Structures are given as structure tokens and as C-alpha cells.
Number of protein chains: 2
Amino acid sequence: MSEYLNTRYRDLSPYTPGEQPLDKAYIKLNTNENPYPPGPGVLNALNEAAVKDLRLYEDPDNRMVIQALAEHYGVKPSQVCVTCGSDEALDLAIMAFGEDGFAFPDLTYNFYKVFCQLHNTSMQVIPLNEDFTIEVGRYCGIGRGVILANPNAPTGLVLSPEQIEQILKSDPHHVVIVDEAYIDFSESGSMIPYVNRYPNLLVVQTFSKSRSLAGARVGYAIGSESLISDLERIRNAMNPYGLSRLSQAAAVAAVHEQEYYDENCRRVISSRNWFIRKLEELGFSVLPSHTNFVLAQSDRIDGKVLYQKLKDRGILVRYFPDARIASAVRISIGTDEDMHQAAEKIREVLAEWNASQK
Amino acid sequence: MSEYLNTRYRDLSPYTPGEQPLDKAYIKLNTNENPYPPGPGVLNALNEAAVKDLRLYEDPDNRMVIQALAEHYGVKPSQVCVTCGSDEALDLAIMAFGEDGFAFPDLTYNFYKVFCQLHNTSMQVIPLNEDFTIEVGRYCGIGRGVILANPNAPTGLVLSPEQIEQILKSDPHHVVIVDEAYIDFSESGSMIPYVNRYPNLLVVQTFSKSRSLAGARVGYAIGSESLISDLERIRNAMNPYGLSRLSQAAAVAAVHEQEYYDENCRRVISSRNWFIRKLEELGFSVLPSHTNFVLAQSDRIDGKVLYQKLKDRGILVRYFPDARIASAVRISIGTDEDMHQAAEKIREVLAEWNASQK
């Protein structure tokens, strides 16, 4: 830290991203990436012409991406704000709508807390129930904004649209941000069809998970025209040229080949359901996942120990420092082959660990 | 504006970017882009494999880009922070080092003011001299940070390293940010070789101009290790995954083919010098440009009028609302062919205008 650093940022504790090893020797099941590559439309869109045009600034208004998303979701273009990953959408929304602070669960995406700290926004952290479900009543009429990851991470559990409507109705004067990064892996519906009914509803989604574009950094928020104009106001004062020409081209192409990604989602869900049964056979308790990852707990082995022993065997998963899930690992769903290997290595680790503990 | 918008951001006046028309029918000399495409190394780097890997998050620490830049500029990797365009580097620096506010010229890159407003950072706006030069003494020992675009925009004028050293020495307790977006088009030297001498010096550069990658959104800051660690602290709390996998690949490749871009800079400088003589023949007064644009003033035609009449003829340039340069247009330097056409169209417009004013 230098002598020059603004005192306001001296206590900032940054987000800890999952490992992104450069050596590539791992089966990577630690950051909830999609195991399938982007579709042929994305590859075509990033052709030589697109690369040559890199000398030119892209459209700072992201008009082509907005148009594609608006058509896909049946909303007006003025109801869509496109951002550099969904993290930027969350950042903008917390800046824009955080005057009275935000409430969110104790176990959820860690970035909500980081953004609130960054912008000096007051936080109310509401513990999940014992069974990791969200107690909807505790978010109703609390006089501040609400941020919910739905499905939630790292639990994988989902609320129904009706449950979220309860919160929206309970306090029309505060915004409810629904972060739907994983919604395409869930049978529960998106809140996007509700944005015209609730002016205080902002839905945030990403191209990083179901659309296989984590490395392209594209997210978006959908809501009422006035909420979106607020986000655009701040975006234009902060980072109007946030999305590269290549990322815009990739995003437009991806929306136009939605069926390819829908099919991949079905494959991931099928692999997930197989893997959950395997883990249960191995003695884990696994929360019913509505995402492309599972949270698996064992009363026999600590999450950090299992993480390390799997890493030694070439498989990256994620553990968390929170005491409530210290016995858990979060495992992203890869291809069937990845999941067979993961199940086999977990079986090996458990056998070895049980033997060593005797 | 919604009822939900934080009062703090209600008066925000966003940056007005230059037009980015989607119809592509113009000779585009309005946003200081490089007329030459990225080099073959960049095209190779963005091959099919790179596109397929888009399913994976990129390295949030930008290690490959940092390594390439550190080697190129002869500094340690821990002295380089890579950002989503140089705008993000400026944003981070204003957040990090703005506790006592910043001073900058009245005519300069408009984003400094926007960022200061965004972060509630106090501003001291110091007018340029009558001849548009910067009076260095007015920035010395003023008890706050200083931001200087060097060369400055939209004037194109440059300060020498010795002049900037005067400011650095006058107040070692505040940071001087030198925004060198255009330095590669200048004969005056970069301040990068001075970063180990002045712990309060932060140099910001971009891949958007001399390296033909405006559409890839890559910038960087170079300074002492402690200044850079401050920027990284905030970056990791705000936008750690800011730079897509494709932009990182393009940036690394570009640094490795620096000679290609150096040659393009020489071509742009040569076209610029030809174009300045042409404009002078047409009766304009043109500031001695150290950039890839010229600021041309006429006592015969208003900047906005000239802008519109050139746009009608398929050539985009930029005018500014500031009273001091209302009689000027800023024209980016394109290919020789672009500049011949621009000179010819300007001649036409002037002839027509003179006739209409009689």
C-alpha cells in the first residue's frame, strides 16, 4: 500500500476468484464454466474481418447486442443494459440503487459484499436457514434493496418466481436485483417475464455459463426502462467502451444460435443428475442443484482436504472458508467423461482417507 | 431517471463519445483511431483455438500481458497494471489517489472531469495559456494530484519530460498521472523511464492508438510497485475479470510485433505533416501536433459548420462545444488517401462557404 492511497479504500477486501491455472493440466471443475465450446456462429463471427476491424472503437452503446437480447426475451431495447460481464451489471446496480443499502444472504456470491464495501453501501446480511434455503419473509418490507442470486451459489437452490414476487410486492420503493447467472440450468423460471409488472425488479444474467462465453466477458441487466436508463447513466460516466468489438460480435452470434446452448444445458443437467447419484452412493449429502455445479458435503472429510487431494490428482474443485460449509466442496459439472473421472478420483481419495484415519 | 436512483448520481453528466456510426459509409476521422489494421501476430493469436477457449474464464491477473509489457518497457511485472482500456486505468487512479482532489487543464480529455464527478473527487480546472500551452508552474506545489494528458488532447501539444519532472518534484506527496495515449506519435519521450525515480509518477498508456487495437479495449498503468498494488487492490474489488481472453491474446501478440506498429506510427506522422501543410495552405492555423490528430482553426468558418458540411460529404471529424475552440475541428490522421480526400473536401466546403457569405 502506498502513502497515496485514499483512506476510503484502505480496508477493501477484494473478491477471491477461483484459481485460473495457466498450465492447463487440470480437469477444471472449480469456476462453473461450461464444458462445451461456443457454437459455430461465434467462431464465424470472430473471423478475420472482425479482427482487422479491431483498429476501430466498437459501438459504445452495444446496440447490436441489445437488439439481439431484446428480441430474444421479448422486451424493448431500452429495457436492456449490456455490461462487461454480469459483475459490471451488479456493480452498476449497487451504485445506482444502493442509497438505503442492500440485504443478501450470508452464503451467496461473494461479490455483493465486495461491491457494497467499494461503494460505501450499507449491508444487511441475512443467514440462510439450517437447510440452506432462503427464508423469503426475512427479505420482505425491510426498507432497503435486496440482492438474490437465483439459483443461489454455492448452494444451487432456487426460489420460485412467486416467492420473489412476495419480496417485490412487499416494498415497491426499493429495487430487488435477481442475479440469474445459473437460471438456464434450472427448471424454475426466469424473472424476465415479470419486469413489466414490477418497476422495482432488475434481472441480471450472463453469457459466461449457459452460453459458454466466460472468457468473453458479457453480461446484461433487464428491467423497466427507467431502471435501465439509470444504469446507462452511470455506465456512460464510468466505462462506456467496456465491451470489446470481439465480445460484442461473439454475444450477438451466441443469441442467434440459442438452440445450440439449450442443448448443451440439457447435457449438463443430465451429467449433473448422474453425478449427484454417484456422490450420494459415496456417502455425500448433495443439495438439489438447479445450476451447473453441486455442493457436496461429507461427514468424513473436510472440504479443504478433499480439494487438496483432488488437486494432487489433477482435478480442481472449490472449497470455502465459511464455517457453515467447511465440510463441503463445490464441483462444477463438466463433460460426462470429466464427471466419471471426478467420481473415480473422489472414490480413491475417500478410500485412502478412511484407511489413514483408522 | 427512476425514483430509485441514488441521489449521489442524479447530476452526473456522462462523457460524450465521438460518433460510432454503424452504417460504415464514412471516412472516419473523428475518434483518433489508427488507419492501419492490427498486425499478423494479432490475427494469428485470435485463431480458432483461442475462440474455442472462450468457454473458460481468462486469467484475471492478466499475467501474460503484464509480462510482455514489463519486458518491453524494462520494468518489473509488479510495476504494471493492465486494464479494460486506459479509461479504466484512469478511473482506478482517480479513485486510488484522489483524496485531496486533482488538477487538470480546462481543455483536455473530458473523462477526467467525469471520473472526478463520479467519485466525488474535488477538481481544480486550470486554464491553458492563450496559445493552448500548459503553464507548468501552475501545477507545482498545489497540494493535490495532477492529471496531464501528454501530448494533450485536443490540442496535440506536448510537455517535455523535464517540465513534468518539475511538477513531480514540487510535491512528492501527491500523485501525477501522465496520460500518454498519444505519446508514440510524438518526438518527446515517455515518462516510463522515470517511474523508478519518482514514486509519485503514474504513467497511463493504451493499445487503442499506436497499436491499432481500439476495439479490443486494453490499457495499462506503469509506476512504482506500491502505486500499482493500490490500483490492483481496487481493480480486484471492482472488475477483476475486466479483460476478455481475446483482448489479452491480442495485446500479448501486439507487444511482440512492436516494429510493425512503430512503422505505422512513422506513416501516420508523415501523413500528418503533409496534411498540416495542406490545411495551412487552405488558411487554417494548426497547432504543432504530437499526436495522430490535428486541431485546425479557421477565422472563416465555425467548427460545427465545417463538421456538418464534411459529414454531408462522407467525412466524419469532431468539433467541441468549448467556446475557446468553437472555431476548430479535430481531425484524426488516416491513410494518405483519406487525408487527400479530406483536404479536397475541406477545400470544396470552404469555396462554397466563401461564396455563400458574399
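**Exercise 1.** Find which residues B:Val42 touches, not counting residues up to four places away in sequence.

*Solution.* Step 1: take contact to mean heavy atoms within 4.5 Å. Step 2: list the partners from chain A, which are A:Val51 and A:Leu54. In the largest nonpolar core, which has 118 residues, A:Val42 and B:Val42 touch the most other members. Such a core is a set of buried Ala, Val, Leu, Ile, Met, Phe, Trp, Tyr and Cys residues joined through side-chain atoms within 4.5 Å. Another core, of 70 residues, lies apart from it and has A:Tyr4, A:Tyr9, A:Ile147 and B:Leu12 among its members.

A note before going on: this is a predicted model, in which local features need pLDDT of at least 70 and side-chain atom pairs count only at pLDDT 80 or more, while totals for chains, interfaces and linings use all residues. Residues are numbered from 1 along each chain as its sequence is written, chains are lettered from A and ligands numbered from 1 in the order in which they are written, and side-chain values use heavy atoms, with hydrogens and water left out.

**Exercise 2.** Work out whether A:Val218 is buried or exposed, and which residues surround it.

*Solution.* Step 1: recall the cut-offs: buried is under 20% relative accessible area, exposed is over 50%, and partly exposed is in between (1.4 Å probe, protein chains only). Step 2: A:Val218 has 0% relative accessibility, so it counts as buried. Step 3: locate A:Val218 in the loop between E7 and E8 of chain A. Step 4: look at its contacts, which include A:Val82, A:Thr83, A:Phe207, A:Leu243 and A:Ala251. The C-alpha atoms of A:Val218 and A:Ala251 are separated by 7.1 Å, although the two residues are 33 residues apart along the chain. Step 5: check A:Arg217, found in that loop between E7 and E8 of chain A. Its phi is near 55°, a positive value in a residue other than glycine. With a relative accessible area of 4%, A:Arg217 is buried.

**Exercise 3.** Check the span of helix H7 (residues 225-238) of chain A against what its 14 residues should give.

*Solution.* Step 1: helices (H or I, at least four residues) and strands (E, at least two) are DSSP runs, numbered from the N terminus. Step 2: the expected span is 1.5 Å times one less than the number of residues. Step 3: for H7(A) this gives 20 Å, and the end C-alpha atoms are 20 Å apart, which agrees. Step 4: 10 of the 14 residues of H7(A) are buried, so the helix is largely enclosed by the rest of the structure. Step 5: those buried residues pack against E2, H4, E7 and E8 of chain A, together with H4 and H5 of chain B.

**Exercise 4.** Where are the cis peptide bonds that involve A:Pro154 and B:Pro154?

*Solution.* Step 1: in chain A, the cis bond joins A:Ala153 and A:Pro154, with omega about 5°. Step 2: A:Pro154 lies in the loop between strand E5 (145-149) and helix H6 (161-170) of chain A. Step 3: in chain B, the cis bond joins B:Ala153 and B:Pro154, again with omega about 5°. Step 4: B:Pro154 is in the loop between E5 and H6 of chain B.
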